[in-house]
Amino acid sequence: LAAGMKEAAEEAGVKCRFNRVGTMFSGFFTDVPVVDFASATSSDTKKFAVWFKKMLDLGCYFAPSQFEAGFMSLAHSDEDIEKTIAAARIAYREAAKEA
């Protein structure tokens with residue numbers, strides 16, 4: 001899921017960094033490595049807000065703050081993952097329009 005979302009962001013031209021440990025992941029709208037709070041706050045929260053709202057519109061529910069983690073589990077099917085990545089492609093394109 002994180003790899004597919006990263007690819008979707010790259011396709012849309014959105015600068016995004018993904019951190020992942022096991023099945024826990026976070027995406028940050030920034031082009032710097034996120035290693036601490038200071039680097040996390042370099043994220044573009046306006047772009048995140050556009051992305052988050054579009055993902056909700058498309059039926060994909062993520063944490064409402066860019067500074068929270070997402071979690072995968074066995075409850076997520078391959079179909080769920082593909083649907084989420086497809087939605088992310090649309091949402092990242094919307095976020096790319098945010099100046």
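The tour goes from a helix to the core, then to a loop, the salt bridges and the surface.

This is a predicted model, in which local features need pLDDT of at least 70 and side-chain atom pairs count only at pLDDT 80 or more, while totals for chains, interfaces and linings use all residues. Residues are numbered from 1 along each chain as its sequence is written, and side-chain values use heavy atoms, with hydrogens and water left out.

**Helix α1**

Select residues 2-12, which form helix α1; helices (H or I, at least four residues) and strands (E, at least two) are DSSP runs, numbered from the N terminus. Ala2, Gly4, Met5, Ala8, Ala9 and Ala12 are the ones to colour here, since they are buried, a word that stands for under 20% relative accessible area, with exposed meaning over 50% and partly exposed in between (1.4 Å probe, protein chains only). These residues lie on the same side of α1 because they cover an arc of only 160° around the axis, the arc being that of the directions from the helix axis to the C-beta atoms.

**The core**

Next, select Met5, Phe29, Trp51, Met55, Ala88 and Tyr92, which touch the most other members of the largest nonpolar core, a set of 23 residues. Such a core consists of buried Ala, Val, Leu, Ile, Met, Phe, Trp, Tyr and Cys residues joined through side-chain atoms within 4.5 Å. Helices α1, α3 and α4 each supply at least two residues of this core, and the largest share, seven residues, comes from α4. Centre the view on Phe29: leaving aside neighbours within four places in sequence, its contacts (heavy atoms within 4.5 Å) include Val14, Cys16, Phe48, Trp51, Tyr92 and Ala95.

Move to Val34, in the loop between β2 and α2 (37-40). Val34 is buried, with a relative accessible area of 11%, and, apart from neighbours within four places in sequence, it is in contact with Asn19, Phe28, Ser39 and Ala40. A C-alpha to C-alpha distance drawn from Val34 to Asn19 gives 7.5 Å, although the two are 15 residues apart in sequence.

**Salt bridges**

A search of the whole structure finds six salt bridges, each being a side-chain nitrogen of Lys or Arg within 4 Å of a carboxyl oxygen of Asp or Glu. Show Asp31 and Lys15 first, whose closest N and O atoms are 3.7 Å apart. This pair links distant parts of the chain, with Asp31 in the loop between β2 and α2 and Lys15 in the loop between α1 and β1. Asp31 is partly exposed at 44% relative accessible area, and Lys15 is exposed at 54%.

Then select Asp44 and Lys47, which meet in a salt bridge (3.7 Å, N to O); Asp44 is partly exposed at 24%, whereas Lys47 counts as buried at 16% relative accessibility. Glu94 and Lys97 form another salt bridge (3.2 Å, N to O), and Glu7, Glu11 and Arg89 are linked in a network of them.

**A surface patch**

Finish with a surface view of Val21, Met24 and Phe71, which make a nonpolar surface patch of about 310 Å². Accessible areas come from the Shrake-Rupley method with a 1.4 Å probe, and for residues only the protein chains shown count as cover. Patches are made of residues with over 30% relative accessible area and no salt bridge, where like charges are joined within 9 Å and nonpolar side chains (Val, Leu, Ile, Met, Phe, Trp, Tyr) within 5 Å. Val21 has its place in strand β1 and counts as exposed at 60% relative accessibility.
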